[in-house]
Amino acid sequence: MTAAATGVAAVPPLGRLWRLPGVYRPQADSALLAAALHREVAPGADVLDIGTGSGALAVFAARLGARVDAVDVSWRALLTTRLNAARAGHRVRVRRADLCRPGTGLGSRTYDVVVSNPPYVPAPNSWPGGHSSARAWDAGHDGRRVVDAVCSRAADVLRPQGVLLMVHSGLCGPERTLDRLAAHGLTPEVRATARVPFGPVLRSRLPWLRAQGLLEPGEETEELVVIRAERR
């Protein structure tokens, strides 16, 4: 694994975004991923944002001159993205896709850059159902339900020399992500890391996380990891 600490202060701000209730609010992981995206996107590039949420990264990529498609399992997220793109004066094409269910995937189009801030928080429940807002962060006992789906599908939608950028918690096991991406024909590396204080979701389940051996006693910060993987 190679790692590089990357600050996010030099990145143009993601801007003020409107959100429907239950749609993920851009946080430190969004800013860290935007820093990596800023270095990859050239004007005219085709970009796919998987799990777009508020559309923060999709609109950011459009600001950089990219042609952007954004997908999410949540209709509320898609409406939020559409409105945020319109408010920013950019075009972002949105559609519903669920990588974890057959028949509702990403389609056959390919892209220069695929970016994803998927749900990645380990959770006592296997998977939040229905319209639960927890779908924006909960991802099964090991936090990898959607991360693994992105790893499995990324090569299918990347052009040759295309790049996947994905952020997730160190609690999910970055080495597992690197191994899975390599097994699907990509060349992965850890591009950036950052330590951030626990957010409210992690704080609410600290005893469970420690009981699972995912956190050490007294550990008070979460590692965020941006992984870059290039199609060979």
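The sheet of this predicted model is open and comprises 7 strands in the order 3-2-1-4-5-7-6, with mixed pairing; two strands are taken as paired if DSSP finds at least two bridges between them. Strand 3 (92–96) and strand 6 (186–197) stand at the edges with a single partner strand each, so one side of each lacks a neighbour in the sheet. From one strand to the next the twist averages 15°, angles being taken from 0 to 180 degrees between the N-to-C directions of axes fitted as lines to C-alpha atoms, for helices over the stretch in contact. Strand 4 (residues 111–116) and strand 5 (residues 158–169) run parallel and are joined by 5 bridges; Val115 has Leu165 of strand 5 as its bridge partner.

The protein as a whole has 7 helices and 7 strands, where helices (H or I, at least four residues) and strands (E, at least two) are DSSP runs numbered from the N terminus. The elements run α-β-α-β-α-β-β-α-β-α-β-α-α-β from the N terminus on. Residues are numbered from 1 along each chain as its sequence is written, and side-chain values use heavy atoms, with hydrogens and water left out. Because the model is predicted, local features need pLDDT of at least 70 and side-chain atom pairs count only at pLDDT 80 or more, whereas totals for chains, interfaces and linings use all residues.

Of the 232 residues, 49% count as buried (buried, under 20% relative accessible area; exposed, over 50%; partly exposed, in between; 1.4 Å probe, protein chains only). Helix 2 (residues 56–63) packs on the sheet, touching strand 1 (46–50), strand 2 (67–72), strand 3 and strand 4, with contact meaning heavy atoms within 4.5 Å. The direction of helix 2 makes about 175° with that of strand 2. Helix 2 is followed by Gly65, with a positive phi near 100°. Helix 3 (residues 75–88) lies across strand 2 and strand 3, at about 175° to strand 3.

Val226, in strand 7 (residues 221–231), is buried at a relative accessible area of 0%. Beyond residues up to four places away in sequence, Val226 touches residues including Leu32, Leu33, Met166 and Val190.

The structure contains 16 salt bridges, a salt bridge being a side-chain nitrogen of Lys or Arg within 4 Å of a carboxyl oxygen of Asp or Glu. Arg159 and Asp112 form one of these, with the closest N and O atoms 3.1 Å apart; Arg159 lies in strand 5 and Asp112 in strand 4, so the pair ties together parts 47 residues apart in sequence. Both belong to a salt-bridge network that also includes Asp46, Arg67, Asp69, Arg93 and Arg109. Arg159 is partly exposed at 25% relative accessibility, and Asp112 is partly exposed at 28%. Asp138 and Arg205 meet in a further salt bridge (2.8 Å, N to O). Asp138 lies in the loop between strand 4 and helix 4 (145–157) and Arg205 in the loop between helix 6 (200–204) and helix 7 (206–211), so this pair ties together parts 67 residues apart in sequence. Both Asp138 and Arg205 are buried.
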